[in-house]
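These are my notebook entries on a structure that I examined chain by chain. I record below what I looked up and what I found.

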Amino acid sequence: MAIVELKHVVKNYSGKASDATANAVDDFNLTTKDGEFIVLVGPSGCGKTTTMRMIAGLESISGGSIAIGGRDVSHVAPKDRDIAMVFQSYALYPHMSVFENMAFALRLKKMPDAEIRTRVEDAAKVLDIAHLLERKPRALSGGQRQRVALGRAIVRQPQVFLMDEPLSNLDAKLRVDTRAEIVKLHRKLGVTTFYVTHDQVEAMTMGQRIVVMLNGKVQQIDTPQRLYEWPANMFVAGFIGTPSMNFLRGQIGTDKRTVADAHFSLDLRGPRGDVLAAHGAAEAVVGIRPEHLSYLAPEDAYNDNVLNGTVEVVEPLGSVTMIQVLVGPHRVTAQIDSHVSVAMGDPIRLRCQTEKLHVFDASSERSLLQPPAA
Amino acid sequence: MTSPTVALPPRVERAKPKARLSSAPVRRLLAPAVIFLFVWMIVPLVMTLYYAFRNYNLMMPDIRGFAGIMNFKLLFTDPTFWDALLNTLILVGASLLITVSLGLALALLFNRTFIGRGVARTLAIAPFFVMPVVTGLIWKNMLFHPVYGLLSWVFRHFGLNPIDWLAHYPMLSIIIMVSWEWIPFALLILLTGLQSLPEDQIEAVRLDGANKWQEFRHIVVPHLGQVLYVVVMLESIFFLTSFAEIYTTTSGGPGTATTNLPYYIYQAAFFQYDIGVSSAAAIGAVILANLFSIFLIRFVAGNLNAGSAR
Amino acid sequence: MNHRRYVDFLLTALAYLVALVMFFPILWMLLTAFKTEQNAFTMTPHFLFVPTLESFKVAFEQGSGYMHYALNSAISAVVSTLVGLLLAIPAAYAMAFYPTKRTDFTLVWMVSTKFIPAVGVLIPIYLVYKNLGLLDNIWGLTALFTTMNLPLLVWMVYSYFKDIPKDIVEAADIDGANTLQTMLRVILPLALPGLASSGLLALILAWNESFWSLTMTDHSAATLAVYIASFKSAEGLFWAKMSAASVLTVAPIIVLGWFAQRQMVRGLTFGAVK
């Protein structure tokens with residue numbers, strides 16, 4: 001249980017730290033709360049795993065500093081950092097029994113046998129693997145191995161847990177169950193945890209705070225809800241939420257309140273219109289989530305911020321239906337009620353919830369909206 | 001909390017070199033093996049090079065000092081050296097031809113499934129594990145002997161005149177012995193190569209309507225190409241250094257008929273006591289081996305990178 | 001269909017015939033070993049005879065006897081293999097789990113020393129050994145065998161270590177194991193089968209080695225290669241004894257070799273063929 005501080009952490013494999021574009025991780029800053037559950041998320045190669053490995057000490061840092069519980073561990077060996085890690089592959093020792101796998105770290109610490117036994121058995125009980133203690137890893141199912149890997153981490157009672165995509169080798173159903181269990185375990189143990197995943201659903205459901213990364217750079221650090229409501233840029237906006245947010249690029253009208261091209265015209269009112277007016281550029285990108293678009297019947301006279309298009313693909317999911325609509329050259333995904341019947345090729349009108357629109361700078365791709373203070 | 005992000009650069013998948021925190025102390029683990037090889041291989045190699053340019057004959061202790069290229073001049077004017085070089089190349093070339101072609105034929109023969117295949121293959125591979133000294137003596141005495149050898153009995157049996165193999169066909173005899181030892185090696189490796197041929201490739205080509213010959217030509221041969229390459233390179237290096245088979249049978253004779261480079265060097269050093277000239281010849285042997293091993297090492301190195309990319 | 005089966009039968013028969021022809025010299029040696037000297041040295045070969053162990057007895061009892069040479073062979077082969085493993089394991093461990101930019105170069109360099117022909121280093125080693133009194137010395141010979149097998153061992157052990165996921169070493173790191181603990185308690189138990197087969201291959205190659213034995217030893221450190229080579233001028237007088245000694249020399253290796261076939265391919269081709 002500790003606060004972890006990362007200050008200006010840089011990882012560079014070429015050895016030339018001055019070249020920021022070559023940095024695998026660039027200027028990473030984060031201070032956790034005690035016992036916080038932090039998720040690092042991003043597409044593969046974004047630096048999230050490298051960041052975690054630097055916290056573990058498995059990778060050296062090229063710049064900046066890392067402190068755990070107030071102690072600078074930037075150049076401390078992994079074994080002296082008081083951390084435990086759950087690997088993506090689980091990395092169980094194949095030649096040791098489940099018990100010995102969990103006891104290994106404690107044995108190395110020369111802990112008395114009786115205490116080792118108590119600790120391992122307690123952890124096994126929590127994880128519901130007490131009946132597997134004598135087995136070898138190869139005799140276990142994927143889910144059981146995953147629990148052993150968790151067990152190996154928790155018997156250590158470390159200051160920090162590091163989990164590197166621990167669920168990616170499980171099937172979909174088990175993944176959802178285990179997700180909830182890890183969250184419960186965390187609430188129970190209250191150990192500061194870093195969790196790496198490429199799955200934004202996992203990130204949203206588990207993290208107290210989420211670090212979204214891309215190409216070695218932190219894009220945004222925030223709570224799940226605020227990431228969803230106030231994405232800092234188009235990447236975060238598109239990465240968080242399924243299906244992805246729709247983006248429509250257009251000219252800013254003379255009234256400084258409208259974004260439009262030949263095929264659509266969206267009127268941004270209120271505070272959104274104000275930031276657009278203050279922005280002063282010629283172009284902007286409007287973002288709208290599929291769930292904030294709704295179907296308008298042909299006879300409906302409503303005509304405020306409506307997109308006119310043609311249905312291209314219909315994907316009924318049961319509870320809702322996803323449709324892809326071509327609005328001129330723009331492909332827009334919308335989530336509509338499942339009882340509305342639409343077919344490929346139909347003309348369609350979609351209503352945009354004006355108060356849910358996002359607006360981004362067309363060149364920097366950063367959001368123009370000011371989030372309320374947290 | 002927003003971050004100072006600007007335009008999004010294109011996504012780049014970065015290879016992750018596995019740089020580690022504590023790689024420096026680990027280097028000490030490497031040192032003993034490196035030092036050992038350095039002391040026992042590289043230092044002597046450099047000394048050989050040094051001797052090659054020195055006057056150094058154990059029979060003439062008064063003449064010492066820098067010899068320039070004298071030793072090489074002596075070497076190149078010694079007809080025995082050229083015989084030895086030619087013999088070496090003949091031995092390597094002929095043995096390669098025999099072992100690779102027969103090895104491939106046997107590999108194809110043993111790649112079929114039949115009852116007792118394991119036993120037959122095991123028997124066929126056995127000669128590779130026979131100590132070369134034993135090979136030399138068994139063949140020389142019990143098979144090649146002009147009167148009491150088994151082959152002479154077979155020849156007489158068919159009404160032919162027995163051959164004095166080692167006297168009349170000395171090089172051929174050596175080639176036969178070397179090939180007997182190394183056909184199993186080619187067989188073993190080519191067979192492993194054949195068996196590692198992916199089943200789905202064969203199935204795909206059959207579905208495409210290829211006949212047996214097309215299957216062999218377009219799937220098996222390209223797949224075996226690499227394996228053949230390795231067999232040829234490795235065998236070349238071993239054949240270049242053949243020694244025990246010659247030592248125990250012909251002692252390089254009759255005349256210089258079976259004196260190869262290693263045997264020439266051995267004689268120059270141990271019977272003529274000329275360290276300078278034999279070192280010069282040794283340098284020649286190293287260069288000759290390098291011609292082959294450079295290609296092989298490059299291949300292994302290439303394999304290494306392919307392996308680490310897995 | 002009938003034609004096809006006919007061809008199949010012929011090919012199978014051919015395979016058996018080939019196997020028999022290849023094995024025949026070994027079989028003939030084996031038969032001769034159980035003959036009397038008179039029976040062994042005849043113009044018309046005896047295929048049926050009353051077997052005798054006489055030649056084996058002679059091989060053991062005459063002169064220094066088989067055991068003297070066998071002991072030298074065993075000591076040099078076993079010790080060189082063990083020392084080779086002792087040197088190769090840490091080196092391979094460092095290269096497999098803590099690679100640096102120079103690792104590939106180091107590994108290829110080590111492998112390449114295997115291809116320096118022995119004659120290339122024979123003369124200086126002979127002269128240095130002579131000065132140090134290491135000629136005809138079992139430890140001098142053992143060191144040469146170690147040199148000969150070290151590149152192969154490093155490479156093989158390296159390739160077996162490479163098969164172990166790096167995660168496991170890192171897990172041990174995080175669990176608090178130091179390098180020695182990781183090696184002894186995690187890596188070695190996992191790589192044991194690979195280490196055993198690497199050792200087996202080195203053992204076979206050292207036992208069969210003849211170039212260094214013939215040039216560097218005379219009697220007190222002489223191995224079986226030297227013992228067998230001493231029959232080279234026997235000219236028919238001791239064929240049965242020679243065969244008996246050869247059988248005793250070759251048989252254990254053929255048996256070990258049959259077990260080591262797969263590893264042999266992997267080791268001798270430096271992983272190009274697995």
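**Entry 1: chain C.** I began with the order of elements in chain C of this predicted model. From the N terminus on, I read α-α-α-α-α-α-α-α-α-α-α-α. The tally for chain C is accordingly 12 helices and 0 strands. I then looked up the radius of gyration of chain C, which is 23 Å; the globule rule gives 19 Å for 274 residues, and the value lies well over that, so chain C is more spread out than a compact globule. The box filled by the C-alpha atoms of chain C, taken along the principal axes, comes to roughly 75 × 70 × 35 Å. I also looked up burial and found that 55% of the 274 residues of chain C count as buried. Of the contacts in chain C between residues at least 6 apart in sequence, 78% join residues at least 24 apart.

**Entry 2: chain C against chain B.** How many residues does each chain bring to the contact? I noted 85 residues from chain C and 84 residues from chain B. On the side of chain C that touches chain B, helix α1 (residues 2–33) of chain C supplies the largest share, with 14 residues. By class, I found this side of chain C to hold 61 nonpolar, 21 polar and 3 charged residues.

**Entry 3: a helix pair across the two chains.** I next examined helix α4 (residues 117–125) of chain B, whose axis comes within 7 Å of that of α1(C) and crosses it at roughly 30°. I recorded the crossing of α4(B) and α1(C) as left-handed. From α4(B), the residues B:A120, B:L123 and B:A124 take part, meeting C:A15, C:Y16, C:V18, C:A19, C:M22 and C:F23 of α1(C). The contact of α4(B) with α1(C) divides into 9 nonpolar residues, no polar and no charged.

Methods
Residues are numbered from 1 along each chain as its sequence is written. Chains are lettered from A and ligands numbered from 1 in the order in which they are written. This is a predicted model: local features need pLDDT of at least 70, side-chain atom pairs count only at pLDDT 80 or more; totals for chains, interfaces and linings use all residues. Two residues are in contact if their C-beta atoms, placed from the backbone, lie within 7 Å. Helices (H or I, at least four residues) and strands (E, at least two) are DSSP runs, numbered from the N terminus. Ala, Val, Leu, Ile, Met, Phe, Trp, Tyr, Cys and Pro count as nonpolar, Asp, Glu, Lys and Arg as charged, and the others, Gly among them, as polar. Axes are lines fitted to C-alpha atoms, for helices over the stretch in contact, and angles run from 0 to 180 degrees between N-to-C directions. A crossing is left-handed if the near helix is turned anticlockwise from the far one by less than a right angle, and right-handed if clockwise. The radius of gyration is taken over C-alpha atoms; the globule rule is 2.2 Å times the number of residues to the power 0.38. A residue is buried if 20 or more other C-beta atoms lie within 10 Å of its own, exposed if 12 or fewer, and partly exposed in between; C-beta atoms are placed from the backbone.
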